[in-house]
Amino acid sequence: QVQLVESGGGLVQAGGSLRLSCAAPGRTFSNSAMGWFRQAPGKERDIVAAINWRGGSKYYADSVKGRFTISRDNAKNTVYLQMNSLKPEDTGVYYCAADKSYFRQYWSGSPLIGDFGSWGQGTQVTVSS
């Protein structure tokens, strides 16, 4: 499994922006779709956004559409989550994960947490009102 490292979390006021990064030091995930998940206190870990291995197909949860953008730079072996217009309900620990399968092109529905087999340790995002 690829070990992933997230960074970029922090405390921000509502309406602000953060950019999360996910890297795999010494390894590559360029053949894997990638996802960002969020876990709020006392709640399940839910998908926020996902991107296919080429970067041409993306998925967004309804709650973040139009505010968050997922992207990847395979040359830098890094996946990003640009978060704009943040709301207090965006607060949680954000996890990066790599698809268990290679070369996934798209998702017919919501990406499933079970599709992902490598996880980072998470980065805390706190949005104050």
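The side chains of D99 and R104 form a salt bridge with an N to O distance of 2.3 Å, a salt bridge being a side-chain nitrogen of Lys or Arg within 4 Å of a carboxyl oxygen of Asp or Glu. The model is predicted, so that local features need pLDDT of at least 70 and side-chain atom pairs count only at pLDDT 80 or more, whereas totals for chains, interfaces and linings use all residues. Residues are numbered from 1 along each chain as its sequence is written, and side-chain values use heavy atoms, with hydrogens and water left out.

D99 has a relative accessibility of 4% and therefore counts as buried; the term buried denotes under 20% relative accessible area, exposed over 50%, and partly exposed the range in between, for a 1.4 Å probe and protein chains only. Four salt bridges are found in a search of the whole structure. In one of them D90 is paired with R38, and the closest N and O atoms are 3.0 Å apart. This pair links distant parts of the chain, as D90 lies in the loop between strand 8 and strand 9 and R38 in strand 4 (residues 32-39), 52 residues apart. Helices (H or I, at least four residues) and strands (E, at least two) are DSSP runs numbered from the N terminus.

A salt bridge is also formed between the side chains of R67 and D90, at 2.7 Å from N to O. R67 is located in the loop between strand 6 (58-60) and strand 7, and D90 in the loop between strand 8 and strand 9, so the pair ties together parts 23 residues apart in sequence. R67 is buried at a relative accessible area of 9%, and D90 counts as buried at 1% relative accessibility. Through shared partners, salt bridges join R38, R67 and D90 into one network. R38, like D90, is buried.

Four strands form an open sheet in the order 1-3-8-7, with antiparallel pairing; two strands pair if DSSP finds at least two bridges between them. Strand 1 (5-7) and strand 7 stand at the edges with a single partner strand each, so one side of each has no neighbour in the sheet. Neighbouring strands of this sheet are turned against each other by 15 degrees on average, direction ignored; axes are lines fitted to C-alpha atoms, for helices over the stretch in contact, and angles run from 0 to 180 degrees between N-to-C directions. Strand 1 is joined to strand 3 (residues 18-23) by three bridges in the antiparallel sense, with E6 opposite C22 in strand 3.

Strand 11 pairs with strand 2 (residues 10-13) in the parallel sense over four bridges, and L11 stands opposite T126. Strand 9 (residues 92-102) and strand 11 run antiparallel and are joined by three bridges, with G92 opposite V125.

N77 is placed in the loop between strand 7 (68-73) and strand 8 (78-83). N77 is buried, at a relative accessible area of 12%. Its side chain makes a polar contact of 3.4 Å with the side chain of T28. A polar contact is a pair of N or O atoms within 3.5 Å; within protein, one must be able to donate a hydrogen and the other to accept it, and residues adjacent in sequence count only if both atoms are side-chain atoms. Leaving out residues up to four places away in sequence, N77 touches C22, A23, A24, R27, T28, F29 and S30, contact meaning heavy atoms within 4.5 Å.
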